[in-house]
Amino acid sequence: MATEVVSTVRTSGGDYSTLGAWEAGEQTNLVTADEIAVAEIQGSIGMDYSGFELNGWTTDATHYCQIRAESGYKYDFVNDTGAKLTETTGTFGFVIRSGNRLHLTDLSLFIDNNTSYGLAYSTGDFIKIERCYCESVRFWADASDFHSSIFVIDPTASSNAYLRQGNTSDSTAFNCVVVNKNASYTNPICYNETTAKNCIAYHASSGGIYAPYYLCSGNYNTQNDATASAPPGANSDRDFVSSDFEDYANGDYHLDSASGYNTSGRNLYDEGDLSSPFYDFDGDEMPASGTAWPMGADFVAAGGGITGNLAAQETG
């Protein structure tokens with residue numbers, strides 16, 4: 001098993017003060033070294049293309065780079081506390097060049113004020129976003145896995161901004177939520193060319209040219225727009241409403257405890273898509289094989305979630 005080499009990235013008092021410095025200082029052939037390169041953050045760390053570009057590493061499926069929250073600093077999107085990557089100045093957040101693999105875990109990604117992309121990188125590279133909260137005018141990604149994460153987009157009516165999850169057939173979106181907050185933007189693509197299962201698409205607009213799930217496969221998905229094309233899968237529906245969230249008006253995208261979507265998803269252990277354990281956004285472990293899962297990123301469980309990082313139990 002690969003050894004984790006963990007560095008802290010903090011504005012002060014860490015091994016590095018920027019992600020760019022970490023990338024330059026730790027870059028190596030991870031396959032030959034039999035390592036996983038980890039950058040742990042605890043507060044708000046800036047990111048932009050000029051400051052962070054993942055390039056020159058040698059990686060594979062079990063030897064990769066990871067940016068994650070330090071233990072005890074998992075991002076809490078309701079209270080806006082914990083580990084956060086922010087970009088407010090550039091065209092996009094950062095780039096992952098060919099042959100480089102990156103996992104983002106238990107973080108917030110806040111990507112704003114960009115003219116073209118949110119998070120951008122070349123086709124053929126790999127990014128895994130797990131238990132993250134991502135807010136952007138546009139989110140772009142190729143050949144990726146999105147698990148137990150929440151994506152909030154606020155595009156302008158004049159742009160063609162949308163959240164694009166993957167550009168290849170091996171891209172997966174499992175137990176995710178995508179919310180389009182702009183009612184005047186009526187062309188929402190929430191999931192694009194990916195295998196979506198147990199996902200929620202919610203947008204403030206009342207319909208548009210495109211489908212919330214555009215060219216997607218999968219099953220057990222839902223959306224709130226009854227006029228748009230239906231989500232993929234015979235067990236999917238278009239019946240989701242804002243009250244199925246804990247508090248949509250105030251940005252709490254946990255499922256309400258009374259929502260029927262707490263048990264309307266498919267157990268992905270039984271589907272063969274995932275192996276145990278698999279966790280929701282808060283760190284609650286999903287039910288064992290044979291028990292229904294929720295749709296979306298929240299499993300309503302007694303006792304609350306885990307506030308530390310869960311990297312040792314990262315799912316594949």
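Student: Which residues do ring pairs link into a cluster?
Tutor: Ring pairs join Tyr75, Phe77, Tyr133, Tyr202, Phe240, Phe245, Tyr248, Tyr253, Tyr261 and Phe281 into a cluster. For a pair, rings of Phe, Tyr and Trp (its six-membered ring) need centres within 6.5 Å; planes under 30 degrees apart are stacked, over 60 edge-to-face, and the rest tilted. Before we go on: this is a predicted model, where local features need pLDDT of at least 70 and side-chain atom pairs count only at pLDDT 80 or more, while totals for chains, interfaces and linings use all residues. Residues are numbered from 1 along each chain as its sequence is written, and side-chain values use heavy atoms, with hydrogens and water left out.

Student: Ok, and how many aromatic pairs are there?
Tutor: The count comes to 17 aromatic pairs. One of them is Tyr191 with Tyr213, a stacked pair at 4.8 Å centre to centre and 10 degrees between the planes. Tyr191 sits in strand S18 (residues 191-192) and Tyr213 in strand S21 (residues 213-214), so to speak a link between distant parts of the chain, 22 residues apart. Strands (E, at least two residues) and helices (H or I, at least four) are DSSP runs, numbered from the N terminus.

Student: Are Tyr191 and Tyr213 buried or exposed?
Tutor: Both Tyr191 and Tyr213 are buried. Buried means under 20% relative accessible area, exposed means over 50%, and partly exposed is in between (1.4 Å probe, protein chains only).

Student: What about Tyr202 and Phe240, how are their rings set?
Tutor: Their planes are at 75 degrees and the centres 6.3 Å apart, so the Tyr202 and Phe240 pair is edge-to-face. Here too distant parts of the chain are linked: Tyr202 is in strand S20 (residues 200-203), while Phe240 is in the loop between strand S23 (222-223) and strand S24 (245-247), 38 residues apart. Tyr202 and Phe240 are both buried.

Student: Who else is in S20?
Tutor: Ala201 is found there, in strand S20. Ala201 is buried, with a relative accessible area of 0%. Its C-alpha atom is separated by 9.1 Å from that of Ile189, 12 residues apart along the chain.

Student: New topic. How many salt bridges does the structure hold?
Tutor: There are 12 salt bridges. A salt bridge here is a side-chain nitrogen of Lys or Arg within 4 Å of a carboxyl oxygen of Asp or Glu. Among them is the one where the side chains of Arg68 and Glu4 meet, at 3.0 Å, N to O. Arg68 lies in strand S5 (residues 65-69) and Glu4 in strand S1 (residues 3-8), so this pair links parts of the chain 64 residues apart.

Student: How accessible are Arg68 and Glu4?
Tutor: Arg68 counts as buried at 5% relative accessibility, whereas Glu4 is partly exposed, with a relative accessible area of 35%.

Student: How many disulfides turn up?
Tutor: A search of the whole structure finds 0 disulfides, a disulfide being a pair of cysteine sulfur atoms within 2.5 Å. For Cys176, the nearest cysteine sulfur is that of Cys199, 5.0 Å away. Cys176 is buried, with a relative accessible area of 0%.
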